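Visitor: I would like to learn how to read a model like this one. Where do we begin?

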Amino acid sequence: LLEDSPNTSKLYHPPTMVKFSTSPIKIFSTYTDEEYDRSNEDIDPAAASAEYELEKRVEKMETFEVNLTKGEEGLGLSILGMGVGVDTGVEKLGIFIKTITAGGAAAKDGRI
């Protein structure tokens, strides 16, 4: 039971009757499975899913530019290319820093 208050009058809807049509049923043509084939042999579903997940993670990453001068120890970082089908060049999402080596230019700079 609803109590009488200013807010409950907006929530109450009086009962209504459901009515069904007596008109003839309309039949629409559709395609058979053979006629309507949406498969795409060029796209691997697992790769497409992985690509989507990687794109979402990349969007959330903080990116900034850093200029480093290569020293005797090198830049002091190792990189990782990430993407789907990187080996075939299909989709590359970027090159990311995997590790920073102690004593290298990146570690001495301190921003990464």
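Guide: Begin with burial. Buried means under 20% relative accessible area, exposed means over 50%, and partly exposed lies in between, with a 1.4 Å probe and protein chains only. Leu54 has a relative accessible area of 17%, so Leu54 is buried. This is a predicted model, where local features need pLDDT of at least 70 and side-chain atom pairs count only at pLDDT 80 or more, while totals for chains, interfaces and linings use all residues. Residues are numbered from 1 along each chain as its sequence is written, and side-chain values use heavy atoms, leaving out hydrogens and water.

Visitor: What share of the 112 residues is buried?

Guide: Buried residues account for 9% of them.

Visitor: How is confidence read, and where is it lowest and highest?

Guide: pLDDT is the predictor's confidence in each residue, from 0 to 100. The mean pLDDT here is 77, and 82% of residues reach 70 or more. Helix 1 (residues 8-11) has the lowest confidence, at a mean of 67. Helix 3 (residues 105-109) has the highest, at 89.

Visitor: How many helices and strands are there?

Guide: Both are DSSP runs numbered from the N terminus: helices are H or I with at least four residues, strands are E with at least two. This protein has 3 helices and 2 strands. From the N terminus, the order is α-α-β-β-α.

Visitor: Where does Leu54 sit?

Guide: Leu54 lies in helix 2 (residues 45-60). Leu54 and Met82 are 28 residues apart in sequence, yet their C-alpha atoms are 8.2 Å apart in space.

Visitor: What share of contacts joins residues at least 24 apart?

Guide: Contact means heavy atoms within 4.5 Å. Among contacts between residues at least 6 apart in sequence, 51% join residues at least 24 apart.

Visitor: How many salt bridges does a search of the whole structure find?

Guide: A salt bridge puts a side-chain nitrogen of Lys or Arg within 4 Å of a carboxyl oxygen of Asp or Glu. The search finds 2. One joins Lys56 and Glu59, with the closest N and O atoms 3.8 Å apart. Lys56 and Glu59 are 3 residues apart in helix 2, so about one helical turn separates them. Lys56 is partly exposed at 33% relative accessibility, whereas Glu59 is exposed at 59%.

Visitor: How far apart are the closest N and O atoms of Asp109 and Arg111?

Guide: They are 2.7 Å apart, in a salt bridge. Asp109 is partly exposed, at 30%. Arg111 is partly exposed too, at 46%.

Visitor: Which residues form the nonpolar patch on the surface?

Guide: Patches take residues with over 30% relative accessible area and no salt bridge; like charges are joined within 9 Å, and nonpolar side chains (Val, Leu, Ile, Met, Phe, Trp, Tyr) within 5 Å. Areas come from the Shrake-Rupley method with a 1.4 Å probe; for residues, only the protein chains shown count as cover. Here the patch holds Phe64, Ile79, Ile95, Ile97, Ile100 and Ile112, with about 570 Å² of accessible area together. Its largest share, 3 residues, comes from strand 2 (residues 91-100). Phe64 lies in the loop between helix 2 and strand 1 (77-84), and is partly exposed at 45%.
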